[in-house]
Amino acid sequence: MTALALVGAAGAASAGPTLDAIKQRGTLVCGVHTGLVGFSAPDKTGKYAGLDVDYCKALAAAILGSPDKVKYVPLTAQQRFTALQSGEVDLLSRNTTWNSKRDTTMGSVFAGVWFYDGQAFVINSKKNPKVKKLADLNKASVCVETGTTTERNMADYARAHKLTFKPVVFEGQEATEKAFQSGRCDAYTTDASGIAAMLVNLPSKADYAVLPEIISKEPLGPMLRRNDQEFFSIARWMIFALQQAEESDVTQANVAKMKGESKDPVVQRLLGSTGEVGKGLGLDADWAVRAIQAVGNYGESYDRNIKPLGLQRGPNNLWNKGGLMYPVPMD
């Protein structure tokens, strides 16, 4: 009887501080990039758009009932962790690499991997026609953004391969890109997706070449404070829900119909026709339906935001299509 009473008390407990704050203010405060095309950047109308923005919209739809109930806070790489730790934002959905230090020593936790990336290098091939691989950049200057894993990765790679790179450090992606484009450095290094986002808007794109080496693993994902298990669970299962929607062919266009007509038990649990996934998360049964209606499944979001950058799905494809995206079963 005592055990049952404790279970009942736990079930009736309020949400954690972050989720409570979100519900009380009626807005999700999402830390995003200051302007990374494909991930989080203002569109022509000034509204934020991108893969990371879609994740925020999906969360707001699930928790607050509308994808529009999001406040976007643009943050540089230097600002992002302080903003999260201080409570200025509820989470970071800002191409942030999941690593042990950030997951164990900063009072934070990652919900999962939203995008698999890796660090690459780009050069102006007109100015450096003989550079074909990283070894050809020995003793070259390299533009790099401070406050990122990129600096350390470059130093580690140089040491391991007995190369010398001369880092030229800038704060903010835009400043780093402009310095490289103006000729301040022989090369520029960042995530491959960041390079693709820079090149897609350059009229002189043909003047640049991305070197073949990828020197790091960059699993990017939503970063939260380690103070709210319920919010963490919602954030984690949102990733799986949108991946499962793609695997089960549930789309933005057909989700309402699938909710009422699908006989697939996996789809029924995902969309709340059966099971208690929503209840377990402290949400209603239609939480995933609203998220999918807001942004589509993971593949739809990828095609809308990342495909125009010219990046192939690769590891960001579903597990049954050769990728690493493997949604955990909903029971």
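The model is a predicted one, in which local features need pLDDT of at least 70 and side-chain atom pairs count only at pLDDT 80 or more, whereas totals for chains, interfaces and linings use all residues. Residues are numbered from 1 along each chain as its sequence is written, and side-chain values use heavy atoms, with hydrogens and water left out.

Where the domains meet, 17 residues of domain 1 are in contact with 15 residues of domain 2, contact being heavy atoms within 4.5 Å. About 1200 Å² is buried between domain 1 and domain 2, and carbon and sulfur atoms give 55% of that area; buried area is the accessible area (1.4 Å probe) that two parts lose on being put together, summed over both. On the side of domain 1 that touches domain 2, the residues comprise 7 nonpolar, 7 polar and 3 charged. In this division Ala, Val, Leu, Ile, Met, Phe, Trp, Tyr, Cys and Pro count as nonpolar, Asp, Glu, Lys and Arg as charged, and the others, Gly among them, as polar.

The structure as a whole holds 9 salt bridges. One of them joins the side chains of arginine 304 and aspartate 54, at 2.6 Å from N to O. This pair links distant parts of the chain, 250 residues apart: arginine 304 belongs to helix 14 (residues 298-305) and aspartate 54 to helix 3 (residues 51-64). Helices (H or I, at least four residues) and strands (E, at least two) are DSSP runs, numbered from the N terminus.

An open sheet of mixed pairing is formed by 5 strands in the order 4-1-5-14-6; two strands pair if DSSP finds at least two bridges between them. Strand 4 (70-75) and strand 6 (108-110) are the edge strands, each pairing on one side only. Strand 1 (residues 28-33) runs parallel to strand 4 in a pairing of 6 bridges, and valine 29 has lysine 71 in strand 4 as its bridge partner.

Glutamate 171 sits in the loop between strand 10 (165-170) and helix 7 (173-181). Beyond its neighbours within four places in sequence, glutamate 171 is in contact with Thr76, Gln78 and Thr146.

Methods
Salt bridge = Lys/Arg side-chain N within 4 Å of Asp/Glu carboxyl O.
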